[in-house]
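Work through the exercises below with the sequence and the 3D structure open. Try each task before reading its solution.

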Protein chains: 2
Amino acid sequence: MSFREHLAEVCQSVDGAIACTLMGVDGIEVDSHVQSGADVDYKSLLVEYSGVFRNARDAAEAHEAGGVSELAISTEKVTTVARLVTPEYYLVMALSPGGNLGKARYLLRVTAPLLRSEL
Amino acid sequence: MSFREHLAEVCQSVDGAIACTLMGVDGIEVDSHVQSGADVDYKSLLVEYSGVFRNARDAAEAHEAGGVSELAISTEKVTTVARLVTPEYYLVMALSPGGNLGKARYLLRVTAPLLRSEL
């Protein structure tokens, strides 16, 4: 399965999915599947959120809380959940505010090892 | 009910709860209830995470995604979930990694309006 097929499969299984992306912690996208339109510029938002991810990682490391495995940010227009795949890459999914965040978290958790073995 | 009683009630209802805090977005604590010991310096971590919260808020605003209502960060040792109460204050809860994040999110959502009316 290609990266994009994995990303599409995750989107198709989650109610309210907008898109799923494999992304470098540096903010550079590897691959994306866009499921439906959103009210926000999803890709620009992700680049900005990659800075938030690095910020959370540095904060956790500074206080010996261990590595950040997951980060979820909910705003009025979009919920995003990111899961670390390797120290350099993470999977991130955007959902509409009423989307199924629990299912998204679960699917990112089980999909991350599948992508890890291909990176 | 005082702030601390609300915070204690939330902790007592969530499996794996470590602590619950009402916090200024500037990183200054208003009140806290500590339920059980943690492997990490919870209070210092929260101060650092308040910077992550501001960072997420600025990123979302810059891309017109609306205000940040919730932010959850999971690390190897501790999961924290923060919910905005007013533009200046948020409620934040720390859980052990196997704790019930769904219940924590639910209780923060229903408790936030109760605290808002007292702030």
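The exercises that follow use a predicted model.

**Exercise 1. The largest nonpolar core**

Task: Find which residues of the largest nonpolar core touch the most other members, and which elements give two or more residues to this core.

Solution. 
Step 1. Start with the members. The largest nonpolar core holds 46 residues, and those touching the most other members are Val52(A), Leu71(A), Ile73(A), Val52(B), Leu71(B) and Ile73(B).
Step 2. Assign the core to elements. In chain A, two or more residues come from each of strand S1 (17–24), helix H2 (42–62), strand S3 (68–75) and strand S5 (89–95). In chain B, the elements that do this are strand S1 (17–24), helix H2 (42–62), strand S3 (68–75) and strand S5 (89–95).
Step 3. A separate core has 40 residues, among them Phe3(A), Phe3(B), Cys11(B) and Leu107(B).
Step 4. Take one member and list its contacts. Leaving out residues up to four places away in sequence, Val52(B) touches Val52(A), Asn55(A), Ala56(A) and Ala59(A) in chain A, and Leu71(B) and Ile73(B) in chain B.
Step 5. In soluble globular proteins, nonpolar side chains tend to be buried together.

**Exercise 2. The contact between the chains**

Task: State the area buried between chain A and chain B, and find which element gives the most to the side of chain A that touches chain B.

Solution. 
Step 1. The size of an interface is often given as the accessible area lost when the parts come together.
Step 2. Read the value. About 2,300 Å² is buried between chain A and chain B, and carbon and sulfur atoms give 60% of this area. His63(A), Ala65(A) and Ser74(A) supply 22% of the area that chain A buries against chain B, more than any other three residues.
Step 3. Count the residues. Chain A contributes 29 residues to the contact and chain B contributes 29 residues.
Step 4. Count the pairs. Between the chains there are 0 salt bridges, but 13 residue pairs are in polar contact.
Step 5. Name the elements. On the side of chain A that touches chain B, two or more residues come from each of H2, S3 and helix H3 (101–116) of chain A. H2(A) gives the most, with 10 residues.

**Exercise 3. Salt bridges**

Task: Find the salt-bridge partner of Arg105(A), and decide whether Glu70(A) is buried or exposed.

Solution. 
Step 1. Begin with the total. The whole structure has 10 salt bridges over all chains.
Step 2. Find the partner. Arg105(A) forms a salt bridge with Glu70(A), and their closest N and O atoms are 2.7 Å apart. This pair links distant parts of the chain, with Arg105(A) in helix H3 and Glu70(A) in strand S3, 35 residues apart.
Step 3. Compare with the cut-off. Buried means under 20% relative accessible area. Glu70(A) has 4%, so Glu70(A) is buried. Arg105(A), with 26%, is partly exposed.
Step 4. Salt bridges link Glu70(A), Arg83(A) and Arg105(A).
Step 5. Turn to chain B. Glu70(B) forms a salt bridge with Arg83(B), with the closest N and O atoms 3.4 Å apart. Glu70(B) lies in strand S3 and Arg83(B) in strand S4 of chain B, 13 residues apart. Glu70(B) counts as buried at 4% relative accessibility, and Arg83(B) counts as buried at 17%. A polar contact of 2.7 Å also joins the side chains of Glu70(B) and Arg105(B).

How values were computed: Residues numbered from 1 in each chain as written. Chains lettered and ligands numbered in written order. Predicted model: local features only at pLDDT ≥ 70, side-chain atom pairs only at ≥ 80, totals over all residues. Heavy atoms only, no water. Core = buried A, V, L, I, M, F, W, Y, C linked by side-chain atoms within 4.5 Å. Buried < 20%, exposed > 50% of the residue type's maximum accessible area, 1.4 Å probe, protein only. Helix = DSSP H or I, 4+ residues; strand = E, 2+ residues; numbered from the N terminus. Contact = heavy atoms within 4.5 Å. Buried area = accessible area lost by both parts, 1.4 Å probe. Salt bridge = Lys/Arg side-chain N within 4 Å of Asp/Glu carboxyl O. Polar contact = N/O pair within 3.5 Å; in protein donor to acceptor, adjacent residues only side chain to side chain.
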